[in-house]
Amino acid sequence: MFENSRESRTSLSEYGEFGLIDHLTKNFLVTSEATIKGIGDDAAILDFKDNKAVVTTDMLLEGVHFDLSYMPLKHLGYKAVMANLSDVYAMNATPTQITVSFAVSNRFPVEALEELYAGIELAAKLYKVDVVGGDTCSSKTGLVISITALGAAREEDIVYRSGAQTNDLLVVTGDLGAAYMGLQVLEREKEVFKVNPRSQPDLDAYTYLIERQLKPEARKDIPPLFKALDVKPTSMIDISDGLSSETIHLCKNSKKGVYLYEEKIPLDPAVISVCEEFKLDSTTIALSGGEDYELLFTIAQADFEKIKANPNFTVIGHMAEEGEGMHLITRGDQKVPLIARGWNAMKEED
Ligand SMILES: [Mg+2]
């Protein structure tokens, strides 16, 4: 993943607020033609021409959403951008700009914020979005980071959560549960480290899971793939909280029921083996784990032929009339109600 380098510590007070922002954003270039004016005036000026503007925002709090004892700041910056871009892709739109705001206490040196911004810069470069503004202030407690993403879409391409029809297929990209199991591995290592700070963990077997937790990638490949396959989903959402709660969002917004098949849920072999190691049920982890940043969507059955051979997609169920309810069909062919248990809720029960 990323390597961390510098050891020196420069106090935040050596820069004022404006000096700090100038310093941290000096490498940011404007590359999108939708950006007329980026950083450097009272406000950014954007031009989406005939497209609709898409806006989404997300706030991350230290101790609630991340733990800096195993989340390096560069990864945090990258992941915070991904969480926002994922929401733009979930509208079948293209992200074009972000703004970045943070609150920080002076326990952080300038070098720490440079690491945070290095992650943001890398994400912005790889996903071709301009950083066009933001704010900074001091925090008496933990680090807070808030990112707003802007994007553009043609009106006819936009996909809402509310368009699913009865008998539409429920489809998911990638595989599920790995980010949550990566978190479990990192939390276990943190406990080991507390007891023995000289322990050298061998995490090779967990590389995929830890990468999914620390360096998730939003599915920027999926909206163009829909276009190439000539498929427009009838509804879509990204998976930040877990498959069950996102499925319920699609059902409630579309006023539909669902049958979701346990045996169809895509799991990486590493998730299955680490779930065995931690004595956790892999289906529960996929349903409630969260932070996978995959896309969950519905398509008309007539479009099945167009997606069936594509390795990015797995059909996991189908929509039903609202009155039929929302169900998980287990491997043992039992019908159980689908309930929302986001990963935060799951953590509280531990
Ligand atoms: Mg979302």
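Which residue in S12 does Tyr261 stand opposite?

**Before you start**

This is a predicted model, in which local features need pLDDT of at least 70 and side-chain atom pairs count only at pLDDT 80 or more, while totals for chains, interfaces and linings use all residues. Residues are numbered from 1 along each chain as its sequence is written. Helices (H or I, at least four residues) and strands (E, at least two) are DSSP runs, numbered from the N terminus.

**Stop 1**

Where they touch, domain 1 gives 16 residues and domain 2 gives 19 residues; two residues are in contact if their C-beta atoms, placed from the backbone, lie within 7 Å.

Now select helix H2, residues 73–89, which supplies nine residues, the largest share of the side of domain 1 that touches domain 2. That side has nine nonpolar, five polar and two charged residues. Here Ala, Val, Leu, Ile, Met, Phe, Trp, Tyr, Cys and Pro count as nonpolar, Asp, Glu, Lys and Arg as charged, and the others, Gly among them, as polar.

**Stop 2: the four-stranded sheet**

Find the open sheet with strand order S3-S6-S4-S5 and mixed pairing. Two strands pair if DSSP finds at least two bridges between them. Its edge strands, S3 (52–61) and S5 (130–138), each pair on one side only. From one strand to the next, the twist averages 15 degrees. Select S4 (residues 94–104) together with S5: they run parallel and are joined by eight bridges. Within this pair, Ile98 stands opposite Val131 in S5.

Bring H2 back into view: H2 lies across S3, S4 and S6 (144–153), at about 30 degrees to S6. Axes are lines fitted to C-alpha atoms, for helices over the stretch in contact, and angles run from 0 to 180 degrees between N-to-C directions.

**Stop 3: the seven-stranded sheet**

Next, look for the open sheet ordered S8-S10-S7-S11-S9-S12-S13, again with mixed pairing. Its edges are S8 (235–238) and S13 (335–337), each pairing on one side only. Neighbouring strands here are turned by 25 degrees against each other on average, direction ignored.

Select S9 (residues 256–261) and S12 (residues 326–329), which pair in the parallel sense over four bridges. Here is the reply to the opening question: Tyr261 stands opposite Ile329 in S12.

**Stop 4: two crossing helices**

Select H4 (residues 178–195) and H5 (residues 207–214); their axes come within 7 Å and cross at roughly 100 degrees. So H4 is roughly perpendicular to H5, a label given to angles from 65 to 115 degrees. Show the side chains of the contact, including Met181 and Leu186 of H4 and Tyr208 and Arg212 of H5. This contact has ten nonpolar, two polar and one charged residues.

**Stop 5: sites from the record**

Finish with Tyr117, Gly134, Asp135, Arg161 and Ser240, which an unreviewed UniProt entry annotates as "binding site". UniProt positions are given in the numbering used here, feature names are shortened, and annotations may be inferred rather than shown by experiment. These residues span 124 residues of sequence and are also spread in space, up to 32.4 Å between C-alpha atoms. Arg161 lies in the loop between S6 and S7.

Technical notes:
Parallel < 35°, antiparallel > 145°, perpendicular 65-115°, else oblique.
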